[in-house]
Amino acid sequence: MSKAQNDKRLSTERVLVAAIRNKMDALANAQFFKNRSNSAKSRNRGEYQKLSSAEKRLVRRIKVQQLKTEIHLLLYANGFRPHIRDPQIPRATTEESLAIRFDFDGILHRPDSTLLSAPYANARQIYQEALNNGDTPLPPEYNPGDYRLDDSPVWRKLKLFDNFRQTRKKIINSLVHNRIPPEAVPAMNYYDFVDTLTDACKRTNTRPFEGSRSQNLKMFAHCYGEEFTQIMLSLRYKPDAVHQMLQQMHKGSSPNILDLHHKTNVTNFRELEHPEKINAFPNMLLTFIHPHHRSLHFDKGYDIDKDIVFFGGYDPAYQIRRNPEKERQYLISKGRLPKNAKTR
Amino acid sequence: MQKLVKQLNALPDANTGKPVDAAQIILCQKQLCENDFAPLPEEYAALLHHFNAFAWNGSFLYGVKPFKDFFLDLVGENMLAFHPLPNLNVILGCNEYDYLAWNCADASYQIIDKSDFMVLNTYAGCADAVRHILKIEDDEYL
């Protein structure tokens, strides 16, 4: 694209971004209840000031609806369509939502003890009390081979995620360490697995795994860094700032103006052909927070082309489309795909 | 709270807003109240005295009319969230998919899903809830 062409397209893009952004800001302000004051400005409001509180609320509600419609029209005019959820497909449960987030972030949040299953919680308590009280004999030791995690319906779902599958040995070792009887495994819930994994990681001072978020950012920086740089420079970001953004992404963290977006929402993960791939790179999109990411989540949410990997603007000139071959080569180089894996 | 402040100060590449004073917090409380939102909890107000808004690695703590563009405003963000029970909740922060909210009915901090407002986690204390939304562990960055 020549400089003149870019200038023209950038000008149009900026007008559109400003329009959406201003509408969203206006939406926030339209609901704002302004208290009566005796200032000259409010005295000049005339008609509005004469309304009762209930009438003012109605006016604000109408204004809000009007602005929401205008935002919908702007997005629709630029090719975006609201996501239509299939009511036959159940949403993620609380435990599934938490598991997906854990897989994405790789951050341990030890669950409250009230959330643990009774067999697991009792066994833990017995062991802790025996440790604290030297007179009480310790519960029997078990061997790692005694545990069949696949007897747990929860584990059968968790192991579908690559990250969780890696933690199998850690979990078993932790169960052995805490002398949890193998017969407690079938009744273990999600919180039990997180609790035992937290123990394992705290004891060994290690992380459970690198979260998908970090992995995806690194993959984006590696595979699409050059195109990203070109687009950001076209958007008039300073080279130093763009370089710093890329450096952050190479380390697995995101710059403050950018967000990772799930193209299929986490809550609707069952809509995917392979729901366990909800946090996989093909479902990820890097974008600006305001207004781009907000517009994708506006109201009930909007769909976006599944092949876009960077949504830098509503104009396709500021978007990057996926290059599955590049991604495949990257995954092979990281040992996350066998060399003969096919392009997806 | 001191431990949390220490952790937040240690986060690499974090952006922090300048602390607010009591008058600004009172104004914010007034605006929240006038617009039928729950008031700010004391612990979070205390955090605002250290940082008025916080942004790090895709996670945000809201501030009182923060200065920079990428910071998020408490009142504005609560307006845009369209929480089904705004008079019982005030949203204090967010990440890609969750809000950090204070539920004044339960007197607890909650992590709630942005799309359907399902409560995923509940915390009694502000520090643990803030660590959750910022995705940092209890003993990290000390």
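**A walk through chains A and B**

In chain B of this predicted model, seven strands form an open sheet in the order S1-S2-S3-S4-S5-S6-S7, and their pairing is antiparallel. Strands of a sheet pair through backbone hydrogen bonds, in either a parallel or an antiparallel way. At the edges of the chain B sheet you will find strand S1 (15–16) and strand S7 (119–123); each has a single partner strand, so one side of each is left without a neighbour in the sheet.

Now look at one of the pairs inside that order. Strand S2 (residues 54–56) of chain B meets strand S3 (residues 59–61) of chain B in the antiparallel sense, over 3 bridges.

Two loops of chain B deserve a stop for their backbone angles. Between S3 and helix H4 (74–81) of chain B runs a loop that holds Lys65(B). Phi of Lys65(B) is near 40°, a positive value in a residue other than glycine. Lys65(B) has 17 other C-beta atoms within 10 Å, so Lys65(B) is partly exposed.

The other stop is Phe117(B), in the loop between S6 and S7 of chain B. Phe117(B) is not a glycine either, yet its phi is positive, at about 60°. Phe117(B) has 16 C-beta neighbours inside 10 Å and therefore counts as partly exposed.

Let us move on to chain A. Here a cis peptide bond joins His290(A) and Pro291(A), with omega at about 10°. Pro291(A) belongs to helix H13 (residues 289–296) of chain A.

How far does the predictor trust chain A? The average pLDDT of chain A is 89, and 94% of the residues score at least 70. Among the elements of chain A, strand S6 (residues 319–321) of chain A has the highest mean pLDDT (97), while helix H2 (residues 40–43) of chain A has the lowest (50). Over residues 35–40 of chain A, pLDDT stays under 50, and the model has 3 contacts beyond four places in sequence for these residues.

Terms used: Residues numbered from 1 in each chain as written. Chains lettered and ligands numbered in written order. Predicted model: local features only at pLDDT ≥ 70, side-chain atom pairs only at ≥ 80, totals over all residues. pLDDT = per-residue confidence, 0-100. Helix = DSSP H or I, 4+ residues; strand = E, 2+ residues; numbered from the N terminus. Contact = placed C-beta atoms within 7 Å. Pairing = 2+ DSSP bridges. Buried ≥ 20, exposed ≤ 12 C-beta atoms within 10 Å, placed from the backbone.
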